[in-house]
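This briefing covers helix packing, a pocket and a handful of individual residues.

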Amino acid sequence: METEFKSILNDFIKENGLTVSEFARQIGVRPSQVSEWLRGKAKPGYDSLKAMAKAFNISANYFLGLTDEY
């Protein structure tokens, strides 16, 4: 079974000791947007995924659930 984006994001935020606000600031979106992602109400678009990969220097494939490693 494929891991849902909301689970991947939640785990990433917790594992890196971030708050939702800190994560949002790092990628340039509102904390409320990240909260929507964490609740599964929305998913990030291309620009947000690119910002996540760039801000944390990891492959977007991690956030897409295509790899388990940063």
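Leaving out residues up to four places away in sequence, M52 touches F5, F23, I27, W37, P44 and F63. The model is a predicted one. M52 is found in helix α4, and its relative accessibility of 0% is under the 20% limit, so M52 counts as buried.

**M52 and its surroundings**

- Two of the residues that M52 touches, F23 and I27, belong to the part of α2 that meets α4.
- F5, which M52 also touches, is one of the α1 residues in the contact with α3.
- W37, another residue touched by M52, is among the α3 residues of that contact.
- From M52 to E15 the separation is 37 residues in sequence and 15 Å in space, C-alpha to C-alpha.

**Packing of α2 against α4**

- Helix α2 covers residues 20–27 and packs with α4 at an angle of about 100 degrees, the axes being 8 Å apart.
- Because angles of 65 to 115 degrees count as roughly perpendicular, α2 is roughly perpendicular to α4.
- On the α2 side the contact uses F23, Q26 and I27, and on the α4 side A51, M52, A55 and F56.
- Sorted by class, the residues of this contact are 6 nonpolar and 1 polar, with no charged residues.

**Packing of α1 against α3**

- Helix α1 (residues 5–15) and helix α3 (residues 31–39) have axes that come within 7 Å and cross at roughly 120 degrees.
- The two helices are therefore oblique to each other.
- From α1 the contact takes F5, K6, L9, N10 and I13, and from α3 it takes V34, W37, L38 and R39.
- These residues divide into 6 nonpolar, 1 polar and 2 charged.

- L38 has its place in helix α3 and is partly exposed, with a relative accessible area of 22%.
- Apart from neighbours within four places in sequence, L38 is in contact with K6, L9, N10, I13 and V20.
- Of these, K6, L9, N10 and I13 are also named on the α1 side of the contact with α3.
- L38 and K6 are 32 residues apart in sequence, with their C-alpha atoms 4.6 Å apart in space.
- Q33 is also found in helix α3, and at 24% relative accessibility Q33 counts as partly exposed.
- Q33 and L64 are 31 residues apart in sequence, and 17 Å separates them in space, C-alpha to C-alpha.

**S48 in α4**

- S48 lies in helix α4, which runs over residues 46–56.
- With a relative accessibility of 15%, S48 counts as buried.
- Once neighbours within four places in sequence are set aside, S48 is in contact with V29 and W37.
- W37 is likewise touched by M52.

**N57 and A60**

- N57 sits in the loop between α4 and α5 (60–63).
- The phi of N57 is positive, about 55 degrees, although N57 is not a glycine.
- Most residues other than glycine have a negative phi.
- N57 is exposed, its relative accessible area being 71%.
- A60 belongs to helix α5 and is partly exposed, with a relative accessible area of 24%.
- A60 and N16 lie 44 residues apart in sequence and 16 Å apart in space, C-alpha to C-alpha.

**The largest pocket**

- The volume of the largest pocket is about 240 Å³.
- It is lined by 15 residues, of which T3, E4, F5, K6 and K43 are the closest to its centre.
- F5 and K6 also take part in the contact of α1 with α3.
- Helix α1 gives the most to the lining, with 3 residues.
- By class, the lining residues divide into 8 nonpolar, 3 polar and 4 charged.

Methods:
Residues numbered from 1 in each chain as written. Predicted model: local features only at pLDDT ≥ 70, side-chain atom pairs only at ≥ 80, totals over all residues. Heavy atoms only, no water. Axes fitted to C-alpha atoms, helices over the stretch in contact; angles between N-to-C directions. Helix = DSSP H or I, 4+ residues; strand = E, 2+ residues; numbered from the N terminus. Parallel < 35°, antiparallel > 145°, perpendicular 65-115°, else oblique. Contact = heavy atoms within 4.5 Å. Nonpolar A, V, L, I, M, F, W, Y, C, P; charged D, E, K, R; others polar. Buried < 20%, exposed > 50% of the residue type's maximum accessible area, 1.4 Å probe, protein only. 1 Å grid on protein atoms, 1.4 Å probe; cavity = no way out; pocket = protein on both sides within 12 Å on 5 of 7 lines; lining within 4 Å. Points joined across faces, edges and corners; volume = space filled by probe spheres on them.
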